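Me: I have a model open and want to go through a few local contacts. Can you take my questions one at a time?
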Amino acid sequence: MAKLIQFEGQTHQFPDDFSDADIQRALSSVPPAQAAPAQPPAPDSNIQLVGTTPATPTAPARVVMDTTPNRPMSVLPTSVGGAVRDFQIGSQGVGRGLVDVATGPFDLVAGAQNAIVGGLNKVLGPNLGVIPYATPASQMVDTAVDKLDLPFIDREDMSNSEKLAYDMNRFGTQGTALGTAFARRAPQIIASTAPSPTFAGKVADTFARPYAAAPGVTVMGDAIGGLGAGVGANAAEKLPDEAVVGGRLPKQAAEALAPIAGAVGANSIQGLAMGIAGALRNAARRAFVSAPAEVPLNPQTHAPYSTAEVDRAARDMQAATENPALAARTIRENADELANPVNPGEIPVEPSQMPTAGLLSQEPGLVRAEQGARLKKGPDFVKRDANVKEAAADRVASLRDEGADLGSVMRRAGEARAERMAPVEQRVGQFEDLGGRVDAQRRQEGAAFTPIANSNASANASRRLDTNIVDENYIPARTEKNRQFDEAPGRAAELPADDIFTAIDRVRRNANGLAPGTLPNDFMRRLDELRPVIDPESGANVGGPGTAGGGDLADLRKFIEPARQRAQQSGNFDLADNLAALKSAINRTIEAAPGYAEANANYRQFAERFRPEPNDEAARFTREIDRGGQQPDGTLNRGSTPPSETAGRFLSSPEKAQALTRIMEGAPNEAAGRAAVRDYMMSDFATSALNPDGTLNAIRARGWVDRNADVLAQFPQVRQEFDRIVQSAQRGEQLASDVRQGLNAARENRRATEVDIERGAVGTLLKDDPRDVASKVLNGGYGAGKQIDEINNVVKNDQAAARGWKAAVAEVLTDRVTSTRKVGESYEVQYARLAKEFKDNEEILAKVFTPEEMNTLRQGHKLLEYFKEADKRAVAGSQTAERASIPGWLQLGARALYGDLKGGGIIKRFKLLIEQLPSSKSGADDIVHAAWFDPNLAAFLLERKLPNPNATFNNVPLRRLLGAANAARESGPDDE
């Protein structure tokens with residue numbers, strides 16, 4: 001019902017919820033100039049007189065009228081502008097709330113500064129000057145908006161209900177916006193393990209921490225608290241600016257505390273409503289809703305569990321872990337990995353062999369909770385553990401192969417040794433055969449020299465040479481020479497002998513008158529008779545004619561050369577020279593004689609071949625022959641020139657060899673002489689170069705050729721033949737040396753191969769049982785990988801051997817990891833032993849077993865690995881729950897009031913009483929117990945949505961922030 005007020009001649013209409021103070025403030029703002037004479041109300045205005053108010057000292061008289069005007073449809077009960085005005089007011093409230101959020105930090109700073117300034121101004125007093133106040137940012141925004149003249153509804157034009165709606169939207173927006181912003185930081189706080197390092201971060205963490213448990217619920221509570229803060233702020237605004245006691249201070253305190261009180265009230269109503277709704281919902285669920293399908297029936301009653309029992313079981317399960325969702329996901333993944341394996345060789349695990357949920361979760365909290373359950377109902381867990389261990393043992397035992405032939409491994413090792421030694425032995429045999437053929441070829445080559453490697457062969461060759469150069473060459477030539485001189489026409493002629501007489505005189509002087517034996521006496525006497533003698537007085541020749549017979553001179557030459565040699569031997573070199581001069585004189589005389597021309601020409605040829613100069617070997621040789629004379633039987637006396645030494649004599653130096661070649665050139669049988677020279681040198685060569693085994697020694701052969709190179713140079717064909725022989729000997733010896741080296745290397749390789757085989761996998765398999773070898777390999781340390789590769793290479797192409805080797809490894813492995821206690825049909829596998837084998841030998845085992853078999857083995861290891869979590873033990877859960885069933889402060893109070901003995905008894909009886917009260921604990925315990933053996937049920941309970949007991953309805957620090965910000969916005973110069 002609207003109120004009509006007459007004031008200064010005008011009728012003013014006010015909402016019925018306006019207080020007298022509101023009407024008084026509104027009328028006091030009307031300028032007097034605008035007052036006009038009162039107009040009587042229209043007849044159809046439906047205005048009725050309610051009553052009059054007499055004048056008072058503080059207020060004029062008033063007339064109270066009642067009317068029911070026609071108003072458009074609206075949201076607010078006292079709205080005068082309809083729904084559009086209501087929406088605009090609400091929008092303005094939301095906008096102003098967002099502005100407050102944006103300017104809040106600045107307003108708080110300004111409010112703090114103004115509080116300090118206000119205190120200083122009051123303490124210092126006006127005499128010392130007034131410190132100016134800071135203008136809050138929100139007031140600056142209001143001033144700027146007023147200057148823009150935007151079509152906003154002024155707060156002074158709003159009714160009380162509109163102001164209330166405006167304030168509720170304003171503060172509700174603040175709570176919602178700030179709560180949402182802080183809620184976005186909550187996950188960061190949950191994930192962090194240390195406080196923020198900065199001051200701003202710590203402040204933000206303080207405001208964001210209430211959202212960690214249930215951010216949606218807390219933000220909703222902030223929104224509701226914001227609405228309540230708006231109601232409180234609206235109520236504080238209605239207080240008088242000046243109080244009788246305290247002046248402006250009560251109003252200022254109310255502006256700061258009213259939003260907080262309003263928020264507290266609104267959140268309290270929210271909590272009450274939520275509590276009632278929750279109770280009604282729980283009652284309905286207990287009455288009409290049964291347990292979900294994931295929860296099995298009660299094994300005693302065969303009836304479904306109640307929802308409360310399921311919730312309590314879920315709460316117990318979730319309380320045991322810090323991250324229920326992660327634990328549930330881990331349980332499902334591990335259970336699915338075992339029940340539905342994807343790797344070849346893995347065997348699906350039966351539900352009765354599945355590890356318990358606590359072990360599958362691998363979460364310490366659930367493991368500890370399960371340990372408590374194991375203490376209560378141990379047999380069920382013992383049976384399940386035995387089933388799991390049996391499944392693991394079956395998988396490990398499946399690797400054994402009782403039908404494998406272990407002997408095939410040793411057989412294959414023997415074959416491998418033979419295969420490896422075959423090429424080595426073949427190589428040795430090849431070199432031995434090649435060496436034999438090379439030696440045979442060399443012996444065959446040396447066989448041609450064996451018969452002549454003796455003195456007889458060389459002597460025979462020398463005799464043949466002697467025959468060729470003496471009997472068939474020199475003797476006939478000498479005979480022919482003598483014949484021609486003996487039969488020459490100049491033999492009977494008288495030849496001038498002046499030069500001869502002069503030479504004879506010179507010889508006589510040096511030889512003491514030509515001592516007997518120097519030259520023939522008869523011949524010398526006859527020459528003296530032929531010497532002409534000139535009578536000094538008459539000048540007539542009283543002696544011989546001064547000439548000598550050509551025959552006599554020719555015969556004299558025969559004796560001159562031996563005489564000359566004897567003079568040289570006796571050291572009478574002057575006589576020797578004179579005899580040589582005598583011979584020369586005779587030769588000149590005979591050569592100048594026409595009757596000796598043919599004989600002289602033949603002699604010159606004879607001399608060039610046999611006696612080119614006195615020291616020529618041929619000359620000495622022939623002279624020695626001539627001096628030797630003849631035997632009684634007419635043969636030559638060869639005592640000083642034995643034929644067996646002729647070859648050695650001429651082939652001892654290059655000069656002598658040259659003389660030999662000169663003698664043989666043009667001989668009637670020159671080829672025979674050269675053949676004799678070749679045979680002699682071959683015999684000498686054989687004696688020097690032939691080895692005892694009948695082969696030529698290339699080094700000695702080359703040495704002989706080098707020593708006789710100058711002699712061989714006189715016989716080019718023989719030299720070429722010897723060069724070929726030496727080259728062949730060198731090739732043969734080099735080939736023999738290469739063969740020996742190759743044979744030695746092949747034999748060394750054979751020895752090294754035998755040692756390597758002996759030390760390697762083949763030798764090990766030949767000496768030891770395959771199971772002993774497998775045991776050594778698994779204990780082999782760093783060299784085991786190489787050894788297993790060698791063994792695999794040995795047996796890989798023999799199916800029986802490969803199977804036997806795998807069976808040996810499997811037998812050793814199972815013996816090492818199993819105990820003597822049986823689980824089912826297999827011996828129990830010790831996790832620690834199996835884990836050690838995996839740690840030390842997984843790569844080695846992967847080289848023996850197929851990927852499928854390794855997956856089977858790994859699955860057994862995985863099953864046992866879950867028992868590792870069972871070591872994470874704690875105090876039994878039932879004892880912990882029992883201690884926590886009665887609050888500690890209550891137990892402490894009872895003991896303090898009645899003493900430890902009586903108080904403890906009271907607590908014990910109280911506990912027994914609590915246990916007798918009907919509750920969902922028994923059913924929840926049964927569900928939790930079933931969950932330990934059902935991974936799906938355990939995961940379901942961990943994932944079940946439950947009311948969060950840690951959730952807060954609102955952010956208390958945010959309440960205080962809104963109140964402080966509201967007071968800061970009202971601070972400033974107007975406060976004075």
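Me: Which residues do ring pairs link into a cluster?
Reply: The cluster consists of F449, F685, W704 and F722, linked by ring pairs. Keep in mind that this is a predicted model.

Me: How many aromatic pairs does a search of the whole structure find?
Reply: The search finds 10 aromatic pairs. One of them joins F685 and W704 in an edge-to-face arrangement, with 5.3 Å centre to centre and 80° between the planes.

Me: Which helices do F685 and W704 lie in?
Reply: F685 belongs to helix 23 (residues 670-689) and W704 to helix 24 (residues 698-707), so the pair ties together parts that are 19 residues apart in sequence.

Me: Is F685 buried or exposed?
Reply: F685 is buried, and W704 is buried as well.

Me: Switching to strands. In what sense do strand 7 and strand 8 pair?
Reply: They pair in the antiparallel sense, over three bridges. Strand 7 covers residues 818-823 and strand 8 covers residues 826-829.

Me: And how many residues are between them in the hairpin?
Reply: Two residues. G824, in the turn, has a positive phi of about 70°.

Me: What stands opposite V823?
Reply: S826 in strand 8.

Me: Which residue is the bridge partner of K822?
Reply: Y827, in strand 8. K822 also lies over the face of Y827, at 5.4 Å from the ring centre.

Me: What about K389, which ring does its charged end sit over?
Reply: The ring of F867, with the charged end 5.3 Å from the ring centre.

Me: Now the surface. Which residues make the nonpolar patch of about 250 Å²?
Reply: I116, L120 and I131 make that patch.

Me: Where does L120 lie?
Reply: L120 is in helix 2, which spans residues 82-124.

Me: Why does L120 count as partly exposed?
Reply: Because its relative accessibility is 38%, and partly exposed covers the range between the buried limit of under 20% and the exposed limit of over 50%.

How values were computed:
Residues are numbered from 1 along each chain as its sequence is written. This is a predicted model: local features need pLDDT of at least 70, side-chain atom pairs count only at pLDDT 80 or more; totals for chains, interfaces and linings use all residues. Side-chain values use heavy atoms; hydrogens and water are left out. Patches are made of residues with over 30% relative accessible area and no salt bridge: like charges are joined within 9 Å, nonpolar side chains (Val, Leu, Ile, Met, Phe, Trp, Tyr) within 5 Å. Accessible areas come from the Shrake-Rupley method with a 1.4 Å probe; for residues, only the protein chains shown count as cover. A salt bridge is a side-chain nitrogen of Lys or Arg within 4 Å of a carboxyl oxygen of Asp or Glu. Helices (H or I, at least four residues) and strands (E, at least two) are DSSP runs, numbered from the N terminus. Buried means under 20% relative accessible area, exposed over 50%, partly exposed in between (1.4 Å probe, protein chains only). Rings of Phe, Tyr and Trp (its six-membered ring) pair if their centres lie within 6.5 Å; planes under 30 degrees apart count as stacked, over 60 as edge-to-face and the rest as tilted. A charge sits over a ring if NZ of Lys or CZ of Arg is within 6 Å of the ring centre and within 35 degrees of the ring normal. Two strands pair if DSSP finds at least two bridges between them.
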